[in-house]
Amino acid sequence: MPDLSAIVKAYDIRGVVGDQLDESTARALGAATARLVAGDDPAPSAVVVGRDMRDSSPALAAAFADGVTGQGLDVVDIGLASTDMLYYASGSLDLPGAMFTASHNPAAYNGIKLCRAGAVPVGQDSGLATIRDEAARFLDSGVPEVRSPGTVRTEDMLDGYARHLRGLVDLTSLDASPELTVVVDAGNGMGGHTVPTVFDGLNVRVVPLYFELDGNFPNHEANPLDPANLVDLQKRVVAEGADLGLAFDGDADRCFAVDEQGEAVSPSAITGLVAARELARAHAAGESDVVVIHNLITSRAVPELVAEHGGRAVRTRVGHSFIKQTMAETGAVFGGEHSAHYYFRDFWKADSGMLAALHLLAALGEHRAAADGATVSGLMADYDRYAASGEINSTVEDQAARVAEIERVFGARDGIELDRLDGLTVSLPDGSWFNLRASNTEPLLRLNVEAADAAAVRALVDEVLAVVRA
């Protein structure tokens, strides 16, 4: 019997298909999810189920749906979807949802992202642990079924999703500027399904790269956070003389950008740009004390920019359930993570890389309309203020011991500030800082470093890794 404690993570379910996650497990998880949400007020009549393009997704999603209907709830099957399309369906239909995807993980993996009605996240402390424990009992003793099982109906949400996103961003600047050429690398993931519909009718020429849906990822991993997976996009942007490059991960809930020179744009800089735009919109609507959320590994330029644009920055842990919870508590208009997850109050506080991409297009259109020959690199200059390492992963036998050793080494120095909000954040007197934290989904320690310039970043990275990898 699969060990559910190994695949139920902090804010999703993820494991190797066949070994850790199979149809019987998916069916038990579906039944447990149905029982959990049936206790919500008001109780839902159905659960929305979407899936990505992985070979294992149709069978796993069908088994999950069978588990749900066996408990008397209906299923709305939206078929192929990006994760943010599943959130759109959950929000617009006011139903809980389940998205079958392993995001950027390799082809052997699959998983489930769950939410309650209105795209409210389900994490370990808000239902996932309960689902895990009940599903384990079902696997051990069988799933009890009700006398009147639910039914499954299909619904196409793609057009509605695209219209909704375009309605959240003022895109008129695109018509006032010359046509943009944008290379989009879908990585054989769900961006190949959603981008053509979302971008349809915009004054944008899309150059598609790896739009064919293929869960075996024949060209490169669908993980743009790894610089190696941006190389094809960078080359194509330069070859096409394009204005911009966009890269989506496997389930297309994250979006990364490349400027006209083929240089990667920091997700923290995009967080700052979108924050400024959302703050301006909120202030124009007469709002005061407008909050923007950022996680603790975004650039310190983000809280600086939020303050400069009249907002209040609130710092939180890494992970979508923590961001969404803090957004609900503060009424934040926007939230961003350096992993390129972007959260919008007007999108049910859920994350959408596609919506962030539309903001970037709109901002570039405005920039070009105001200055002939304006570029993405010029647009982003004010939002990218410091040098950063990007995320550096280390596989170590004892993660806690390595973090404790870093704390001992750096904590003994003068002027050092230690913060344990999420992992260990160490701030140095010269303004540089680093965060070291254990991954929520993989057996890794993740290091992020920021400093005034690249040389200072390299020196601090070398110093930290010498201890971590000793």
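Strand β13 pairs with strand β15 (residues 334-336) in the parallel sense over 3 bridges, where two strands count as paired if DSSP finds at least two bridges between them. Strands (E, at least two residues) and helices (H or I, at least four) are DSSP runs numbered from the N terminus. This is a predicted model, in which local features need pLDDT of at least 70, side-chain atom pairs count only at pLDDT 80 or more, and totals for chains, interfaces and linings use all residues. Residues are numbered from 1 along each chain as its sequence is written, and side-chain values use heavy atoms, with hydrogens and water left out.

β13 (residues 291-295) also pairs in the parallel sense with β14. The two pairings of β13 are as follows.

Together with helix α11 (residues 301-308), β13 and β14 make a right-handed β-α-β unit; with the strands pointing away from the viewer, the path from the first strand over the helix to the second runs clockwise. Because 5 of the 5 residues of β13 are buried, this strand is largely enclosed by the rest of the structure; buried means under 20% relative accessible area (1.4 Å probe, protein chains only). V291, I293 and N295 point one way from β13, while V292 and H294 point the other way.

A separate description concerns an open sheet of 5 strands with mixed pairing, in the order β9-β8-β10-β11-β12. Its edges are β9 (204-209) and β12 (264-265), each with a single partner strand, so one side of each lacks a neighbour in the sheet. β11 (residues 255-258) and β12 run antiparallel, joined by 2 bridges, and V258 has A264 in β12 as its bridge partner.

Note on methods
Buried means under 20% relative accessible area, exposed over 50%, partly exposed in between (1.4 Å probe, protein chains only).
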